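Please read the points below with the model open beside you. They begin with a pair of charged side chains and go on to the fold, the helix packing and the backbone.

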Amino acid sequence: MARDDNEDDPSAGRLMSERIASEIRSAVLSGEMRPGMRIRQELLAAHFGASRIPVREALKQLENEGLVAMAPNRGAWIADVNSEESIEIYKIREAVEPLAIGESVPNLTDDDVETLDRIVRELEHVTTLEEYIQLDREFHLRTYSRAGMPQLLAMVERFWNSTQHFRRQFVNETYAKDGLPFSDPQHVLIMDAIRARDVDAAQVLVRLHIRRTRVVIQTTERGAGQPPIAGRGALPRARRGSVYRGKSRNE
C-alpha cells in the first residue's frame, strides 16, 4: 500500500488540500467546470502529485461550499441544481440577503464604500461575461461582508455557488445579449443606498434585485418547458488535457 507523504506533515497536507480546492473552485466559478461534470479523484491526485487524502479533503470542503456533490459508491461531481431548485434558492435568498445587507451597511467602513463604488464603476465598462460575473459576485458579497453573522454569510455564499450557472445564463440572455459593456441601474441604486447608509432602501433594492432573476428563470421555464441551461446529463466542456475531464454523473 502506498504511503501518504503528508501523514508525517499535516500542514503540508492542508496546504495541498487548499491548493486543490482553490483550483477546482476557480474552474467552477469561471464556468470551465460545468454542473454535472464528474471529478476524477485519481486524476486529480496524479496531477498534483498527491495522495487521495488531500483530494478527498478538498472535495469535502467544496461540498460544504455547495460547489461539489459527493455520494458513497458514486464518486464526486460538480454540483447542479435544476430550475425548480434554483427558484427555491432564489426565494430563500430574497429573504436572507436583505437581512445580510441590513446588518452590514451600518458597519461598512469608508474604505469599504470606496471599494464598492469602484466595483460598480468597473461593472459599467467590462467587456467579457466572465469579468462581469466575477465583479458582480464580488460586489454583492462585499456589501454583506460586515454583517458579523458568519453562519448567515456562509449560507449566502453557498446559495451563490449553487446558482452560479443560472446567474451566468441570466446575464448572458438578458443583459449581454446585445454585447458588452452594459449598465445595470440596480447596482447604482444599491450603491446609492449604501453610500447614504439607508438600510431600508438597501434591503428593498436587494430583494427586488434577486427577485428579478427569479422571475426571468420562471418565465424562461414556462416558455421553454425546461430549464434554461443544459440538463444534468449534459457533457460539460473541459479544457484540453484537463485532469477533470470525465463523463457526467448520469452516464
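1. Arg212 is buried, with a relative accessible area of 18%, where buried means under 20% relative accessible area, exposed over 50%, and partly exposed in between (1.4 Å probe, protein chains only). Asp184 and Arg212 form a salt bridge in which the closest N and O atoms are 3.0 Å apart; the term stands for a side-chain nitrogen of Lys or Arg within 4 Å of a carboxyl oxygen of Asp or Glu. Asp184 lies in the loop between helix 8 (164–175) and helix 9, and Arg212 lies in helix 10, so the pair ties together parts that are 28 residues apart in sequence. Helices (H or I, at least four residues) and strands (E, at least two) are DSSP runs, numbered from the N terminus.

2. On the basis of the coordinates, please keep in mind that this is a predicted model, in which local features need pLDDT of at least 70 and side-chain atom pairs count only at pLDDT 80 or more, while totals for chains, interfaces and linings use all residues. Residues are numbered from 1 along each chain as its sequence is written, and side-chain values use heavy atoms, with hydrogens and water left out.

3. As to the overall fold, the secondary structure of the protein comes to 10 helices and three strands, and along the sequence these follow the pattern α-β-α-α-β-β-α-α-α-α-α-α-α. Of the 251 residues, 47% count as buried. Among contacts (heavy atoms within 4.5 Å) between residues at least 6 apart in sequence, 74% join residues at least 24 apart.

4. Asp110 is exposed, with a relative accessible area of 61%, while Arg197 is partly exposed, at 32%. Elsewhere, Asp117, Arg121, Asp192 and Arg195 are linked in a network of salt bridges.

5. How do helix 6 and helix 7 pack, and at what angle? Helix 6 (residues 129–144) and helix 7 (residues 150–162) pack at about 165°, with their axes 11 Å apart, which makes the two roughly antiparallel. Here the axes are lines fitted to C-alpha atoms, for helices over the stretch in contact, and angles run from 0 to 180 degrees between N-to-C directions; angles under 35 degrees count as roughly parallel, over 145 as roughly antiparallel, 65 to 115 as roughly perpendicular and the rest as oblique.

6. Leu62, in helix 3 (residues 52–64), is buried, with a relative accessible area of 0%. Leaving aside residues up to four places away in sequence, Leu62 touches Ala21, Ile24, Arg25, Leu67 and Val68. Leu62 and Ile24 are 38 residues apart in sequence, and their C-alpha atoms are 8.4 Å apart in space.

7. Most residues other than glycine have a negative phi, and most peptide bonds are trans. The peptide bond from Leu180 to Pro181 is cis, with omega near 0°, and Pro181 is found in the loop between helix 8 and helix 9. Asn73 has a positive phi, near 65°; this residue lies in the loop between strand 2 (68–71) and strand 3 (75–78) and counts as exposed at 85% relative accessibility. Arg197 likewise has a positive phi, near 55°.
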